[in-house]
Amino acid sequence: ANPGFVVRITQAGLDYAHQHGITVLEKELAQLKLPDISGDFRIWHVGKVQYEISRLSLRSFHLPYSRISLVPGVGLQVSISNAFAELDGNWRVKMHFIRDHGSFDLRVENIYIKIHLRLGSDSSGKPTIDTSACSTRISNIRVHFSGKFGWLYNLFHKAIESRFRKILESKVCESVAKSVRSELQPYAQTLPVTARIDAMAGIDYSLVAPPTATAQSLDVDLKGEFFSLAHRSAVPFPPLPLALPPDHDRMVYFGASSYFFNTASFAYHAAGALVFEITNSVIPKGVEFHLNTSTFSAFIPQLEKMYPHMEMKVRLSAPSAPFLNIGPDGLSLKPVVDIQTYAILPNSTLAPLFLLSLVSNVSAVIDVKSGHIVGNLKVGSSSPSPLPAPQVRMLQSIMNVLASSILLPRLNERLAQGFPLPLPDRIQLSNILVGFHQ
């Protein structure tokens with residue numbers, strides 16, 4: 001399926017994330033648990049020598065040079081070079097009647113680590129990350145033993161270094177896999193793929209395909225679909241192909257298609273949110289307009305005769321979900337609004353008066369604040385059903401008053417609360433630029 005929402009993470013964004021990831025990995029490697037080592041070997045003219053290495057303690061593990069890069073069609077690769085680690089521990093050696101023990105310091109230098117990260121998605125549409133390959137190569141190990149028999153230590157220190165090299169090379173990749181499973185994978189799962197945004201609607205940000213790595217970016221296709229909480233039904237229109245502009249200067253790009261916004265319209269219409277009832281009591285003070293039959297008798301004279309001096313109720317509703325268009329200048333829509341008017345009788349019952357349909361020109365300004373897409377609507381001219389010219393002007397004037405003083409503030413209050421972007425935990429956006437494309 002085509003996405004309604006796309007997220008692009010560039011190399012600059014990966015570099016920023018890499019700074020924090022390497023810090024976590026460095027701490028994880030510094031907690032490596034190394035096993036005791038024991039063994040024996042024969043020395044010509046001397047005989048069998050038995051040794052034990054115990055209480056191994058990793059003092060530090062440093063990753064000074066590392067890089068995360070994109071592997072097109074595969075995922076991500078983390079390359080670490082010139083890493084080094086420092087260990088200490090105890091040793092014991094036995095050969096015939098000679099016994100000795102002491103401590104040692106070990107420095108492991110020029111460690112090279114290469115990690116491949118496989119990116120995917122699970123059945124719920126959440127992203128998944130796992131290690132698909134890991135290799136470690138150690139170029140240099142230096143051991144310093146404390147003790148009396150220096151010549152003896154020199155006989156077996158190369159065997160010890162070889163054992164350490166094999167153990168560390170396997171343990172490093174074990175630790176990397178553990179770190180990915182315990183740190184990176186759970187963090188990726190904090191991406192909100194389904195979120196309740198208010199009492200009426202939710203939003204579906206589930207992945208429609210695994211993340212795709214290209215030479216310049218990591219692209220994630222999301223469903224980007226609003227839905228009614230009361231009754232989720234299939235959207236009656238498909239998402240069109242969505243391609244982001246070829247920009248890669250910033251860390252992250254979000255792309256929302258008209259499908260994203262139109263499913264919001266569809267969901268709120270299905271939930272009954274696009275119905276507004278207005279009475280005279282909600283008209284702000286200072287507005288020289290009263291919602292009663294005397295006002296409307298100016299273009300429908302018989303109202304005053306049938307229902308003299310009675311207050312009215314106006315019910316505004318959209319017969320269908322309004323569709324929004326995106327162009328270089330922003331967002332626009334032409335909603336059809338049904339206006340059903342009633343006279344409020346002395347016993348509080350409603351007498352239907354007339355029904356009109358208007359097509360309004362509405363523009364929207366979109367911005368991003370605190371990780372939310374926020375908006376603001378402005379209503380232009382309205383085109384009512386055919387009426388004589390004076391009646392048209394009067395009706396437009398009345399409807400503009402209702403829209404600007406009551407309806408728009410209600411809608412814009414909701415739009416100011418915004419709709420959340422798909423952001424994992426602890427991510428905040430800065431230097432935000434919003435652009436519109438055809």
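Reply: Happy to! Three strands form an open sheet in the order β8-β9-β12, and their pairing is antiparallel. Strands here are DSSP runs of E with at least two residues, helices are runs of H or I with at least four, and both are numbered from the N terminus; two strands pair if DSSP finds at least two bridges between them. This is a predicted model, in which local features need pLDDT of at least 70, side-chain atom pairs count only at pLDDT 80 or more, and totals for chains, interfaces and linings use all residues. Residues are numbered from 1 along each chain as its sequence is written, and side-chain values use heavy atoms, with hydrogens and water left out.

β8 (194-196) and β12 (225-228) each have a single partner strand, so they stand at the edges, with one side of each left without a neighbour in the sheet. On average, neighbouring strands of this sheet are turned by 25° against each other, direction ignored. Axes are lines fitted to C-alpha atoms, for helices over the stretch in contact, and angles run from 0 to 180 degrees between N-to-C directions.

Now look at β9 (residues 201-204): 4 bridges join this strand to β12, and the two run antiparallel. For Gly202, the bridge partner in β12 is Phe227. In general, strands of a sheet pair through backbone hydrogen bonds, either parallel or antiparallel.

Finally, helix α3 (residues 258-270) lies across β9 and β12, running at about 5° to β12; contact here means heavy atoms within 4.5 Å. Helix α3 is also among the elements that give two or more residues to the lining of the second largest pocket.
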